[in-house]
Structures are given as C-alpha cells and as structure tokens.
Amino acid sequence: YFLSEQYLQHLNRENLLGTGGKLVDQYADIIVKIWKGDVSYTPPVDFKLTISKFAPQFAGYRQHDAQEFLGYLLDGLHEDLNQFNDKSNLDLKIQEINSLESNSNSNSNLVNNNNNSNLNDCKNANQSWIKHLQRNQSIIVNFFQGQLKSTVICNHCLNNSVIFDPFMFLSLPLPNTEYRFIRVTLICLDSKRLTSNSNFVTTYAVRVHQEAKVIDLRKELASITNSNFECLVVADSFNSKIYAVLRDNKKIGSISPTDVLLAFIIDELAITNNSNNSNNSKNSIFK
C-alpha cells in the first residue's frame, strides 16, 4: 500500500482531525527506506519530530507507553487517509454489506433496541457499521477496526438492549497465574538407580501451585522420576555450594526464580538409619 504509493490516492490533507498528511508522508518515507534496503539502518528522526509536533506528550526522550503511541499512530494515519467524502466508495461498501446480509442466517434471534426493535443482530450490526463508515473510511478501518456487541438485560422486565460499537483495541486482563515452573537439578546418589543406567544429573522443570510447599515439590518430582519422595532432599545452592536444605513447610512463593535448586536422591537405607536413630520415628531429615 505504501511502497506502491497507493496511499497517495487516499491522502486527505483537508481533514481538520488529521495532520494534513504530514504523518502519513513521514511514515511512508520510513517504510520505503526500510524495504528498499539501500542503507544498513534508518533513524526515524523526522518521523519522531512530526509525532512530537502534533502529539506533544511524545516529545523528548522519556519512556512512553507503547500502546498509547500505537493508538495515536493508527488514529493519525486513519484521519490522514480518511475518505469519508467519497460517496462512491461508501455506496460500494454498503452494497458489500447488504450482500453479506442477504447471505446470512435468516433464523437469527430478534433483539430489542431503542431505534430498531424488530431488527435481528445482523441487520442491526450492519446499520451501525454503515453509520460508522459514513464518517470513517480508510485502510486503517479495513484492517484494524471491528465491532463489539454490548447487551444489557433489565433485571425486572428482562428486556434486552443491544448496541454495536466500533473498536480498534481490546483491553484484556493479564491472567492470574496459579501455577509456576520450578527448575530443579536432580542428582542421583542412590546406588541402585545408578546401576540401572539412570542419569547421574538431570534437570527438570516441575509444575507446582503458587501456594504449594516444598513437600509438594518433592512429591511432584518423585512422580516425574518414579522415585520415593521420602528419598528426595531439596536444597538451595549458591556459588556451586549448598546454601540450605529446604524444609517441607517452606512455601514455593518464597523461592526466587533466580534460586538454583538441587535435589538429591539418596539410598533408602540412609532414610531407614536416620529414622531408627531418631527419638521420634515420625521425624525425618526434611522437617
């Protein structure tokens, strides 16, 4: 679109909401320089100065929100390329919408609306989109804009109110991660496993709940390695030395992602001897 200079046919320098085509000119200049490949790098100095002129919030060299900048850029390009005065283009788009509407499912559910109480979703959405196109026609609309359907239901009369609004961005919440992966290097000190061709050192990524404890980490690691979790010792290391043996009641959330964890598989005989030498048979070296 920019390399072929097709955008020049749609450039609207008279739109008071735009930049008089200056933003599009600078953006097209950058695109051409990048794709021609004549230079090893392209500093966007003029592009940044143009942005700063029409959007002072982006002036200077401070850190700015990338989403906010992208929103301004797309909106600015849209207004500089907006062909809302082109009635022939609008008529063509209306014909396309009506053609899609005629091919849509005729059994769509009816909705109640303040303006269109007897129109189905498809017709209601098409009419809303046509109204939007009467003021907004550009390649940005074609590629980056869509419609959101908002439904409000009255709790008393159960009446539905449906509105179709254009959008260019969808704000989505970051998922609350309930699980995390703990990187553990397993060192086998069990003579029986070593004689059965087991690897002496193996690294695992163990998936555990954020609220889990070290005992849960041991059990999960034992399940992965097909070993007895009572024979697993988990330790924190620092500078290639064991810093501390992690107790069973230690929470996983207190373990930093940068911590280097080691797990040792020891002989069951060592566990048995430790239990026999303890005053309380229920105690273990892990607690």
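Residues are numbered from 1 along each chain as its sequence is written, and side-chain values use heavy atoms, with hydrogens and water left out. Because the model is predicted, local features need pLDDT of at least 70 and side-chain atom pairs count only at pLDDT 80 or more, whereas totals for chains, interfaces and linings use all residues.

Helices (H or I, at least four residues) and strands (E, at least two) are taken as DSSP runs numbered from the N terminus, and two strands are said to pair if DSSP finds at least two bridges between them. Strand E1 (residues 146–153) pairs with strand E2 (residues 160–167) in the antiparallel sense over eight bridges, and within this pairing Leu148 has Asp165 of E2 as its bridge partner. The two strands E1 and E2 form a hairpin with six residues between them, and Leu158 in the turn has a positive phi of about 60 degrees.

An open sheet of mixed pairing is formed by five strands in the order E4-E3-E7-E5-E6. Its edge strands, each pairing on one side only, are E4 (201–209) and E6 (241–245). Neighbouring strands of this sheet are turned by 40 degrees against each other on average, direction ignored, where the axes are lines fitted to C-alpha atoms, for helices over the stretch in contact, and angles run from 0 to 180 degrees between N-to-C directions.

Within this order, strand E7 (residues 260–265) pairs with strand E5 (residues 232–238) in the antiparallel sense over six bridges, while strand E3 (residues 179–188) runs parallel to E7 and is joined to it by five bridges. Phe264 of E7 is the bridge partner of Val233 and also of Ile187, and Val260 of E7 is the bridge partner of Ser237. Strand E7 is mostly covered, with five of its six residues buried; buried means under 20% relative accessible area, exposed over 50%, and partly exposed in between (1.4 Å probe, protein chains only).

A search of the whole structure finds zero disulfides, a disulfide being a pair of cysteine sulfur atoms within 2.5 Å. Cys122 is partly exposed, with a relative accessible area of 22%, whereas Cys231 counts as buried at 5% relative accessibility.
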